[in-house]
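Here is a walk through one protein chain. Keep the structure open as you read.

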Amino acid sequence: MNGISTKSRAVLRSILIVVVLSLLPACSLFGGSAATKEEPGPVEPAAKVERFTGEKSREIDFVYTARKELSLTFNGMGDKQTMQALLNELDTYNIKATFFLPGMRVAEEPDIAKEILARGHEIENNTLNALDMSKLDYDGVYKEIHLANDVIQRETGVQPKYIRTRSGDYPEDVPLAAAHLGMKAVVSYNINPKDRNMQGAKELGEYIARYMSRGGIISLNTDINPEVVGSVKYIAEAAGDIGYSLVTLDELVNNGGVRKPLEQIPGYDAAKINPDYKNSKYELVYKADTNRKEVALTFDDFGSDKTVTKILDILEEHDVKATFFLRAKGVESNPNLARAMVEGGHDVANHSYSHPVVTTLTPEELQEDVVKAHQVITEAIQEQPVMLFRPPTGVVDDIRAKALAATGYPVIAMYDVTTLDWDVSNSADDIVHGVMTKTEPGSVILLHMLDDIHTIEALPRVLEGLKEKGYTFVKMADMIQE
């Protein structure tokens, strides 16, 4: 539609709306069969669609999966030149994306929609006119979605499975209407670089790289910021650097799972608030009492997908299982990364929710923090974590230790080997030297999974060096039980 004035486009859209509405059979809107008439009669007023009373459709802002994949999605339909350039860029990097298209734009330029499909991408529903759905009643919401479905199906032969509004936000009528129409889910996103702010391609790509995650759904627009086309290069490079694949939304959903609610997971209540803590028994474990050349490798805190995935990849390469003490506030924003640790055969344990120095909290505040962390981690990994607690900074006193034990965490997991690797001024050489000189049978080694420190550089050398000395690696809970 290049070269057409705004006024002409508005007139054409008005005509198209009338044409679309007149072409769609009654059965496509209201169910049943449209009667065949020998002679045209007067058009009856459209019956009002009654609000759906069944269960609403699934709502997805990310997909629960430990697989190394995420989805790149686009909203709207830019002009032909922009769309051609975008499709060419996606081909260059062998990316299959998902396009949420407004029904009216498909009616205006069906050839663009057909080209998207021909290139192997997925087309889904971006509503008919990209209206603010919060300003429509149920009848209006239903028709915006259903008419777009019918236009897309009529022009491309594809029946959309997913619906996304223009902004990604939506009122409760949208998942109800989606269920009414038999659609698979209402989709928003969890990675949104806000391209409406007109950032450059590199800036958009760097934002996405920073928040890239397993099961993530990236949302970009094709008709606002032309720099989106150039950002594909940086997105592809970021995914390749971590080892992640960019797949269509439907493939991501089909490969993923659905998280059970917290209360349905065995062990979700293994940690509880308990005000009767003053006589509770606890144990501080710094190392195992053993002569066997076994050690426990542990990691504290939480990091980005890039950092944690590289740690997991190194451990897998060296066939080493570790214990991860997780800051649950980080887990809350990226549960898939915690689940990936469990699926890698590692243990996951509690390192608090907000990472406080526990002696700065009252015993009651500490219990609340630890129980919240337990619940967040349990819901993320969909199973009870290992019942070990490690206090941030390694500081704990008698009264807080009793409070911890009373919640269900009587074993406080400390360590005897630390190299202060969290301090960026400590080099990989410093970390390796510290581990190699301090480790002995039964040692518990503390490292961190923070971004921008030197632990990843040091880790392969630590693993190889300890193996050369005859050490084997055991998960901390297993080593304590032995």
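Start with helix α6, residues 138–156 of this predicted model. How far apart should its ends lie? At 1.5 Å a residue, its 19 residues should span 27 Å. The end C-alpha atoms are 27 Å apart, so expectation and model agree. Now look at the surroundings of α6. Of its 19 residues, 16 are buried, so the rest of the structure largely encloses this helix. Gly157 follows α6 and has a positive phi, near 85°.

Next, move to helix α9, residues 227–242, which holds Ser231. Is Ser231 buried or exposed? Its relative accessibility is 0%, so Ser231 counts as buried. Beyond residues up to four places away in sequence, Ser231 touches Ala201, Leu204, Gly205 and Leu220.

Now the nonpolar cores. The largest has 44 residues. Leu297, Phe299, Leu315, Phe324, Leu326, Met341 and Leu459 touch the most other members. Take Phe299 as a case. Leaving aside neighbours within four places in sequence, its contacts include Ile311, Leu315, Phe324, Leu447, Met449 and Leu459. Thr323, His448 and Thr455 are also among the contacts of Phe299. A second, separate core has 40 residues, including Met83, Leu86, Leu220 and Val228. Leu220 is also one of the residues that Ser231 touches.

Finally, the annotation. An unreviewed UniProt entry places the feature "domain: NodB homology" at residues 68–280 and 293–474. Residues 68–280 are 42% helix and 13% strand, with end C-alpha atoms 43 Å apart. Residues 293–474 are 45% helix and 15% strand. There the end C-alpha atoms lie 10 Å apart.

Note on methods
Residues are numbered from 1 along each chain as its sequence is written. This is a predicted model: local features need pLDDT of at least 70, side-chain atom pairs count only at pLDDT 80 or more; totals for chains, interfaces and linings use all residues. Side-chain values use heavy atoms; hydrogens and water are left out. A nonpolar core is a set of buried Ala, Val, Leu, Ile, Met, Phe, Trp, Tyr and Cys residues joined through side-chain atoms within 4.5 Å. Buried means under 20% relative accessible area, exposed over 50%, partly exposed in between (1.4 Å probe, protein chains only). Contact means heavy atoms within 4.5 Å. UniProt positions are given in the numbering used here, feature names are shortened, and annotations may be inferred rather than shown by experiment. Helices (H or I, at least four residues) and strands (E, at least two) are DSSP runs, numbered from the N terminus. The expected span of a helix is 1.5 Å times one less than its number of residues.
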